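Here is a short briefing to read alongside the model. Please keep the sequence and the 3D view open as you go through the points.

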Amino acid sequence: MRTGTTNVAAPTGYQRPPGLPGWLLLSPLLLWVALFVITPTVIMLVYSFGRRGTLGGVVLDFTMENYAAVLDPTYLKILVRSVIYSGLTTIICLVMGYPVAYYIGRADERWRNLLLMMVMIPFWTSFLIRTYAWVTILKSEGLLNGFLMQYNLILQPFEMLYTPGAVILGLVYTFLPFMILPIYTSVEKLDSALVEAAFDLGAGPVRAFSRVIVPMTSPGITAGILLVFIPALGLYAVNDILGGGKVDMIGNIIENQFKGNARNWPFGSALGITLLLAFGVAFWFTGRRQAES
Amino acid sequence: MKRSVVVISLLAGLVGACTQKEQPKELNLFAWSEYVPQSVIEGFQKDTGIKVNYETYASNEEMLAKLVSGATKYDLIQPSEYTIEALANEKQLKEVDWSKVPNFKNIAPEYKNMPHDPQQKFTVPWMVGTVGIVVNTEKIPAGEVKGYKDVFQDKHKGRIVVLDDPREIVTWAMSTQGISANDVTPENLDKVKPLLQQWLPLVKVYDSDSPKTALLNGDVDLGVVWSGEAALLYNEDKKFEYVLPVEGAHLFIDSLAIPANAPNPEAAYAFMNYILRPEVSKLISADFPYTNPNLEARKQLTPEQLANPASYPPGNPKLETFRDIGERAVPIDKLVTDLKAQS
């Protein structure tokens, strides 16, 4: 689809508006977006200006209080920490996932589907069960410590569970397939002739990779980054299970406003809207980078 | 398409509910996860012919969120004491017709007319528990830990599990200063802040759902947990000692209550009366070893069950319960979030 000449601008000519059949075909998607994306977001936006109801819920009002509370240093600190955690997760997933995706994409047709299947098999088990399985592996009397002690590689159990490292591990484990799959689709479409041409024209492996292969697979890389970074930022279960709930992530804080003592829905909504804006900015930024390259 | 199916099934449900007013066929039970044994639900269905739709929640606030949204109408909920008070204040509970729940006589007098339901109009106690300290006596000598102050010591750093519940944590700190659990004022919060600043960095795990896991796995040696969790640990291994903190413990009581808009209150009465039967209540105790408020059921428990110090604390101390503190819960949440973010 995209070949070496990536800087051809998108066609800007006259585009025919979709006719009635077109709208009909689009309508399920539009309805879905209206019901499950726009409506909840609008409700959240309205709630975020309201006041806390006695039993939870919201008393509608127009106050900026909730947004003022979001700007508290504690929440900003937690937001920054969440960005760092999910950023780190994204980088690790990219570094680990790219070679895997490249190998699968370039593999022999016969093996390719089998390898892809192996990436997807974990999805057949519930995410929570897989995360709890890590508790069994990482706990101080767990499988990993038991193995290491058996072979005298360590003398005392190594504290792995309930640490930030365990949280990052859990996040990487959860999101790695979301990095591999989109990159794989890009790699699969990669034209080998262009890579060979790069070598023929004197590029070494590093240059061929950085100047030809990476730019041509960049749509997959961008999709992978977005698919990992954004959900990782909001996920709180891994933090609770593997991190011991010690260090709150922004997802935990939002959850607490609805399911915790405070019953502060408007504040939770304001946090949600803030996060949504942050996502929007991140999305716009990567989109722009993409267009520039 | 999907929506019309939903509408049709809702209508069918409504028609069903209207025509069967005399003889309820359904009970929409909304209860804590892991608190109602499957055997009790099956026994009730067999006994009464009423089908139970069982939905669960993991916190009082989650239950309130669904109840207030009104998306589903429930016949029976299982709130804790402070939530009962909040619901009653907002006129969200239906008064129980006690003539339909004759087995209520089995409840011990000390669990009747408690502060959250002073006239005993709305609730049937389910289980009662305390929040206390569990110590793994293989790691820490038995008897060494007597109160919160002994738990939160530097030597236990990284070996402590606590409930992931800001109000609980703040209450423990307040009780070391002789402040009542319900005396939540900005001044008192300021007073306990330095103490919490010392305590929280020592904690290894915050877990309200299953604090016993970290203790069983050996990742921590002591903790402040629900008594039912402590009782399960004790059943597993006698090395787990349960201590009611000397500074003052508190009691929680989970009860059955009927929402004001319940479609099948008759079914709710039937369920209340059913679980109050000693032979049924006994089954609940077997799975969830909290303090059973049903005196007749207690007579049928084994000596081992009654000897579990977490289920039936020796001396049966008189303890205070949580009251509804309304929006004073917001600064508590903020305080604990702040301190966690600092550590």
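Helices (H or I, at least four residues) and strands (E, at least two) are DSSP runs, numbered from the N terminus. On that basis chain A has 13 helices and 2 strands, while chain B has 14 helices and 10 strands. This is a predicted model, in which local features need pLDDT of at least 70, side-chain atom pairs count only at pLDDT 80 or more, and totals for chains, interfaces and linings use all residues. Residues are numbered from 1 along each chain as its sequence is written, with chains lettered from A and ligands numbered from 1 in the order in which they are written.

**The two chains overall**

- A residue is called buried if 20 or more other C-beta atoms lie within 10 Å of its own, exposed if 12 or fewer, and partly exposed in between, with C-beta atoms placed from the backbone.
- By this count, buried residues make up 31% of the 293 residues in chain A and 47% of the 343 residues in chain B.
- Along the principal axes, the C-alpha atoms of chain A fill a box of roughly 70 × 70 × 35 Å, and the C-alpha trace of chain B spans about 65 × 45 × 40 Å.
- Two residues are in contact if their C-beta atoms, placed from the backbone, lie within 7 Å.
- Among contacts between residues at least 6 apart in sequence, those joining residues at least 24 apart make up 70% in chain A and 76% in chain B.

**A helix to look at in chain A**

- Helix α3 of chain A covers residues 73-106, 34 residues in all, and reaches 48 Å from its first C-alpha to its last.
- That is close to the 50 Å expected at 1.5 Å a residue, where the expected span is 1.5 Å times one less than the number of residues.
- Follow α3(A) to G97(A) and you will find a kink of about 35°, shortly before the proline P99(A).
- The bend at a residue is the angle between axes fitted to the seven residues ending there and the seven starting there.

**Where the chains meet**

- Across the interface, 31 residues of chain B are in contact with 26 residues of chain A.
- On the chain B side, α3 (60-69), α4, α6 (166-176), β6 (203-206) and α14 (329-342) each supply at least two residues.
- The most comes from α14(B), with 8 residues.
- By class, this side of chain B has 13 nonpolar, 5 polar and 13 charged residues.
- Here Ala, Val, Leu, Ile, Met, Phe, Trp, Tyr, Cys and Pro count as nonpolar, Asp, Glu, Lys and Arg as charged, and the others, Gly among them, as polar.

**Domains of chain B**

- Domain bounds come from an automatic or database domain assignment, which for chain B gives domain 1 (2-128 + 253-307) and domain 2 (129-251 + 320-342).
- The centres of domain 1 and domain 2 of chain B, taken over C-alpha atoms, are 29 Å apart.
- In chain B, 16 residues of domain 1 are in contact with 12 residues of domain 2.
- On the domain 1 side of that contact, α4 (81-89) and β4 (123-136) of chain B are the elements giving two or more residues.
- The largest share of that side, 5 residues, comes from α4(B).
- Its classes come to 11 nonpolar, 3 polar and 2 charged residues.

**Around α4 and β4 of chain B**

- Most of α4(B) is covered, as 8 of its 9 residues are buried, among them Y82(B), I84(B) and L87(B).
- The cover over the buried residues of α4(B) includes α3, β4, β9 (250-257) and β10 (320-321) of chain B.
- Just after α4(B), K91(B) takes a positive phi of about 55°, and K91(B) is exposed because it has 8 other C-beta atoms within 10 Å.
- In the loop between α4 and β4 of chain B, Q120(B) also has a positive phi, about 50°, although it is not a glycine.
- Q120(B) is partly exposed, with 16 other C-beta atoms within 10 Å.
- In strand β4 of chain B sits I133(B), which is buried, with 24 other C-beta atoms within 10 Å.
- Not counting residues up to four places away in sequence, I133(B) touches V145(B), V151(B), L222(B), V224(B), V243(B) and P245(B).
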